[in-house]
Structure formats: C-alpha cells, structure tokens
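The following note sets out several numbered points on the structure shown below. Please read each point with the model at hand.

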Amino acid sequence: MTGISHDILVIGGGLAGLRTAIEASKSGQSVAIISKVHPLRSHSVAAQGGINVAIKSDDKWEDHAFDTVKGSDYLADQDAVAIMCREAPDDIFELDRMGVLFSRTPDGEIAQRPFGGQGSARTCYAADRTGHALLHTLWEQVNKRGIKTYIEWFVTSLVVENGRCQGVVVLDWSTGQLHLLRAKAVVLATGGYGRVFKRTTNALINTGDGMALAYRAGVPLKDMEFVQFHPTTIYGSNVLLTEGILITEGARGEGGHLLNNLGERFMAKYAPAKMELAPRDIVARSIATEIIEGRGFEGGYIKLDLRHIGDPMIKAKLPQIRQICIEFLGIDPSVEGIPIQPGHHYSMGGIDTNADGTTTLPGLFTAGECACVSVHGANRLGGNSLLDTIVFGRRTGRKVSDYVGHCAPAEPSDDTLRLMEEKIDRLLSRRLGIKPSDVRTASAVAMSDHFGVFREQRQMEEGIKKVREQRERFADVAVGDTSRKFNSALLSVLELEMCLDLAQAIAESALARQESRGAHCRLDFKDRDDQNWLKHTLAINDNGKLRLEYKSVDISMFEPKARVY
Ligand SMILES: Cc1cc2nc3c(=O)[nH]c(=O)nc-3n(C[C@H](O)[C@H](O)[C@H](O)COP(=O)(O)OP(=O)(O)OC[C@H]3O[C@@H](n4cnc5c(N)ncnc54)[C@H](O)[C@@H]3O)c2cc1C
C-alpha cells in the first residue's frame with residue numbers, strides 16, 4: 001500500500017474537474033486531479049458549438065433562465081437554473097481574462113450565435129472548437145497553480161467507511177498497480193455515459209464511471225430516463241469510424257437547413273416558429289418521424305444542408321465540421337448535404353446533487369455531466385452543458401474546500417483496496433470465458449433499440465430483459481490479456497461493468513415514468529402529466545437491488561405551461 005494522501009481528490013480532468021480543482025486550490029488545501037486519460041483528451045475537448053450566457057444589453061439572465069426551464073419541459077429546478085444563468089456572465093468574463101480565444105464581433109465583443117430553443121443569440125463560441133479553447137485554457141491554469149495530477153490512473157472504487165467517503169482506489173494503467181488514495185473529500189467529475197448506447201457522439205472513454213461508483217456507494221442517481229439524442233450525428237454503418245460523429249447545432253445556428261427526400265424543410269410542420277432551431281428533443285423526434293414515415297433517404301437518414309451558407313462562411317465559422325465531412329464522409333458541405341440522423345449525445349440525469357455539488361454521502365461531491373443539479377430537467381438546451389461545468393465546477397470547488405476546512409483527517413482501512421485486488425486477480429486468472437466486447441455490443445444495441453427517441457412499455461420491458469441477460473453474462477467474461485502493464489482490456493472490462501449498472505438505472509427509470517416529457521417520449525403516454533409526474537426520479541441501489549423514489553421539483557420562478565415553439 002502506498003501512502004498517498006490529499007485534502008481533496010478531484011476525479012476527472014474535463015472542464016468540470018479542472019474548474020473545481022482550480023477553485024478548491026485557492027483555499028491552500030492540497031488538491032489533486034486523477035484522470036484516466038490525459039486531461040486534454042477528456043470529452044470536453046470535443047465540444048463544438050459554444051457556451052450560453054446573457055451578456056448583450058437586450059438579453060437578461062431571466063430570459064436565459066426562462067428558455068432553459070421551458071427547454072427542460074419544466075423539470076429543471078428553477079432555483080438552480082436562476083443561479084446558473086445569473087452567475088454565468090462573471091464566469092464567462094473570467095474565462096475571457098484567463099485567455100480563452102472566443103470568436104469576436106467586428107467591434108471586438110465576444111461573438112454570440114443563435115442556438116436551439118433560445119429567444120436570443122447567446123451562445124459564445126471559438127469557431128466550432130469551443131471545448132478545445134476552454135479546456136486548454138483551464139489546463140494552463142491548473143499547471144500555473146501547480147495542482148498535482150495523476151494521469152492514466154483509473155478510479156475503480158470509492159472508499160466509504162464510517163458513513164463518509166475517505167478516498168478512492170485507483171489502478172495505475174502503466175504498471176497495473178492498485179493504490180489507496182486517502183482524502184477528506186472526493187469530487188466526482190467523470191463526465192457522461194455515451195458508451196451505454198450503440199450510436200453516440202461521445203468518446204470511447206465516456207462510460208459513466210463516476211455515476212456507477214456513486215450508485216454502488218448508495219448515492220441516488222437522478223432522472224436517468226432523460227437521455228438526450230442529438231438531432232444531427234453523422235449517418236453511417238461503420239460504428240468505429242463515422243457513425244455518430246457530431247455535427248454541431250452551430251451548423252443550424254449559422255443557418256443550416258434540414259431536408260427530407262422531397263427536398264422539404266420539414267421542420268415547418270413541427271416547430272413553425274423556431275424551425276431548425278427548436279430544442280433538441282423536438283428536432284430529433286421530427287427527424288426520426290420523417291425517416292419512419294418514409295421521407296428519409298435510402299438507408300434511413302435526412303440531410304443537413306449548408307450549401308447556401310457558402311464556402312467562405314463555412315471555413316470561417318465551421319472549420320471543424322468541414323474537416324469532419326471531408327475526412328470522414330468524403331464530401332464538401334458547401335457542395336453537398338450532410339447525411340445525418342439522431343444519436344445519443346448527453347445525459348440529463350446523473351448523481352443527485354444541488355447547486356453546491358454536495359451529495360447524500362458526506363465527503364462525496366460532484367460536478368459536470370456526471371452530476372444532476374438539475375438545471376437541464378427533461379431536455380438540455382445546446383450550450384448549457386459547458387456552462388454547467390464552469391458555474392457548478394466553481395461552486396463545488398468552493399463548497400468542498402469549506403467542507404474539508406473543518407473535517408477530521410481521513411483514516412480509512414485498506415479493505416477496499418484488498419477487495420479490488422482480489423477482484424482483479426480473479427478477472428485476470430480466468431482463461432476462458434465470454435468476450436467482453438460481445439456483452440458490450442449486445443447491451444449497447446439493446447439500449448439504442450429499446451430506449452431510443454420513442455419509447456413504449458412492451459418494447460422497454462423487452463429491453464430490460466436483454467440488459468439483464470447481459471449483466472448475467474458479464475459474470476463469465478474473460479479479459480483475454482493477463483499482463484499487468486498497460487492492460488487496456490482489463491480497463492474496458494471495468495468500464496463495461498459501469499455501463500451495465502447505468503443501463504439498468506436508465507431502463508428502470510424510463511419504464512416507470514408513465515408520461516412524455518422532454519427527451520422521454522412515450523408512444524403509450526403521449527402527454528406530459530404534471531399532476532402525477534412533475535417530480536424527479538431517484539434510482540437507488542438498495543443492497544444490490546434497484547429501488548425508485550421520487551422528489552419534488554422547484555418551480556418558484558415560472559409556472560409550468562404547454563411547450564410550443
Ligand atoms: C462531441 C460533443 C460536442 C459537444 N458540444 C457541446 C457544446 O458545444 N456546448 C455544450 O454546452 N456542450 C457540449 N457538449 C457536452 C459537453 O461537452 C459535456 O457535457 C462536458 O464537456 C462534460 O464535461 P465534464 O468535465 O463533466 O466531463 P468530461 O469532459 O467528459 O471529462 C471526464 C473526465 O473524467 C475522467 N474519468 C472518467 N472516469 C474516470 C475514472 N474511472 N478514473 C479516473 N478518471 C476518470 C476522464 O479521464 C475525463 O478527464 C458536447 C459533447 C460532445 C460529446
């Protein structure tokens with residue numbers, strides 16, 4: 001056992017983790033970041049379109065809050081939304097001062113583009129590489145402050161003793177050695193779970209680890225049934241190469257049209273006022289409907305048409321989209337429409353928390369996509385997730401340093417470490433068994449087929465059965481590589497186990513919610529039902545069995561209304 005100890009351990013080197021660590025380090029406490037990949041390879045780096053804030057003279061934070069709440073189909077907690085939208089301007093100007101290279105207007109102001117479901121053009125951007133610009137700047141700040149980072153260290157478990165989180169067990173990928181890291185507090189900032197689904201815009205590393213770790217420790221997962229399907233992901237049959245690559249909402253923000261096989265801008269039927277810039281749940285459903293009703297192109301896709309925007313504008317504002325189209329599809333978007341279809345993109349649900357990142361487990365905090373504050377409710381607006389990582393990362397950093405300022409040192413036993421050592425020995429010693437990739441594919445296909453854009457009771461029950469079968473098969477997987485050093489096969493088995501836990505939480509939460517709200521669209525319960533379902537779902541691990549509970553939603557600012565665009 002090694003003797004590593006810090007006051008605060010932040011798990012995750014994406015935007016939420018880095019922003020939390022920067023803030024926490026201001027207190028002078030010992031803060032360290034652990035990341036399973038180099039922080040600059042976190043999924044945040046792939047964010048394209050931008051980050052929302054009301055900073056123009058004719059735009060108010062209250063308008064931003066209203067659009068967010070309406071977009072969420074009234075499931076977001078309005079007190080938390082108010083905090084996010086009110087505090088956003090200071091955070092964006094701080095990022096600007098840190099050196100984020102935001103795109104500018106001719107007058108030198110931070111430029112803003114229109115995004116879906118919003119009444120004002122309030123999405124700040126750095127061309128279509130916003131996440132890249134933000135993450136590199138925060139990484140510079142982390143280095144400037146000398147914050148310790150453990151890179152390519154994989155957190156396998158939380159150490160919970162005496163009712164308090166006191167550290168983590170980590171697998172050092174390069175050596176295969178397990179370590180116990182002690183800490184007075186742990187912050188989970190591990191991002192989304194895209195790989196639970198087959199077609200996703202998410203990176204291969206997005207396996208929802210933090211959510212699964214919290215769930216195993218008895219912390220509730222909130223609103224897991226709300227899964228965002230992005231309207232425009234590249235159509236393709238080759239899962240590894242092209243399928244699911246994101247084409248940013250910024251492409252529609254810059255004026256892109258959606259066309260069916262009759263050449264119609266079909267959004268006129270579904271959201272006449274907002275057209276292509278309706279919120280994502282509505283656009284994704286409209287595209288899926290066009291395809292199901294036979295107005296898609298052969299194979300099942302529709303086209304995103306940027307031709308009228310023109311080559312110079314595409315090169316200036318959407319250079320990465322152009323590059324993706326040329327390199328992965330062999331087409332120039334100024335000449336040809338881009339074949340797209342909806343695909344998994346984002347998790348509105350996550351670890352149950354509040355606007356300060358605390359959880360039900362003392363010593364455990366959370367921020368970013370793995371957390372559910374909730375500011376996105378049943379459907380997140382584009383550009384609000386990057387904002388969530390920054391505002392709530394900062395707030396969590398402050399709260400966690402207050403907490404460790406007056407809590408006793410962590411003195412956990414090495415029980416959790418020993419249990420993990422035994423588990424890994426067991427996994428590596430099994431020579432023959434089921435291929436993990438078979439389980440992963442079968443479970444991901446089941447989730448995409450049975451818990452997609454449209455849902456219905458029987459179809460979901462079948463999906464739950466399939467996921468359960470894969471969870472049973474997991475007990476017999478063989479890693480295939482018995483070495484200790486750089487054993488990526490072992491890591492992917494540990495990640496698969498996380499995905500399987502989350503698949504069950506998503507599926508059971510979805511089956512239980514008998515209404516349609518935001519991204520959860522049921523063909524057998526077509527309407528929103530505020531009478532019975534204006535409440536958050538909590539999925540709780542009760543000694544290995546999943547139990548559902550519900551909790552109220554804050555509606556202190558805007559009265560729920562029908563959602564028309
Ligand atoms: C392609 C794409 C484009 C997007 N574009 C936008 C956009 O324009 N605007 C917007 O608002 N949102 C956008 N989003 C969403 C947004 O980017 C993410 O929600 C956000 O960046 C998540 O940040 P995060 O810090 O929570 O997690 P991530 O950036 O995913 O970071 C997670 C971190 O956790 C670490 N980690 C995970 N598990 C472990 C473990 N077991 N042990 C150790 N470390 C671990 C990883 O190494 C990583 O460092 C986009 C998402 C995608 C996929």
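1. Strand E11 (residues 227–234) and strand E14 (residues 338–347) pair in the antiparallel sense, over six bridges. Two strands are said to pair if DSSP finds at least two bridges between them; strands (E, at least two residues) and helices (H or I, at least four) are DSSP runs, numbered from the N terminus. Within E14, Gln341 is the bridge partner of Thr233.

2. The model is predicted: local features need pLDDT of at least 70, side-chain atom pairs count only at pLDDT 80 or more, and totals for chains, interfaces and linings use all residues. Residues are numbered from 1 along each chain as its sequence is written, and side-chain values use heavy atoms, with hydrogens and water left out.

3. Is strand E11 mostly covered or uncovered? Eight of the eight residues of E11 are buried, and the strand is thus mostly covered. Buried means under 20% relative accessible area, with a 1.4 Å probe and protein chains only.

4. Helix H11 (residues 384–405) is largely enclosed by the rest of the structure, because 18 of its 22 residues are buried. At 1.5 Å a residue, H11 should span 32 Å, and its end C-alpha atoms are 31 Å apart, which agrees. The expected span is 1.5 Å times one less than the number of residues.

5. The structure holds four cavities of 30 Å³ or more, and the largest cavity contains about 70 Å³ of space. On a 1 Å grid over the protein atoms alone, a cavity is a set of points where a 1.4 Å probe fits but cannot get out, whereas a pocket is an open set with protein on both sides within 12 Å along at least five of seven lines; lining residues have an atom within 4 Å of a point. A volume is the space filled by probe spheres set on the points.

6. Which helix gives the most to the lining of the largest cavity? Helix H8 (280–292) does, with four residues, and E11 also supplies at least two. Among the lining residues are Val227, Phe229, Arg280 and Asp281.

7. The second largest pocket has a volume of about 650 Å³. Of the 23 residues lining this pocket, Arg195, Leu204, Arg440, Ser492 and Glu495 are the closest to its centre. Helix H13 (436–450) and helix H15 (488–512) are the elements that give two or more residues to this lining, and H13 gives the most, with six.

Methods: Buried means under 20% relative accessible area, exposed over 50%, partly exposed in between (1.4 Å probe, protein chains only).
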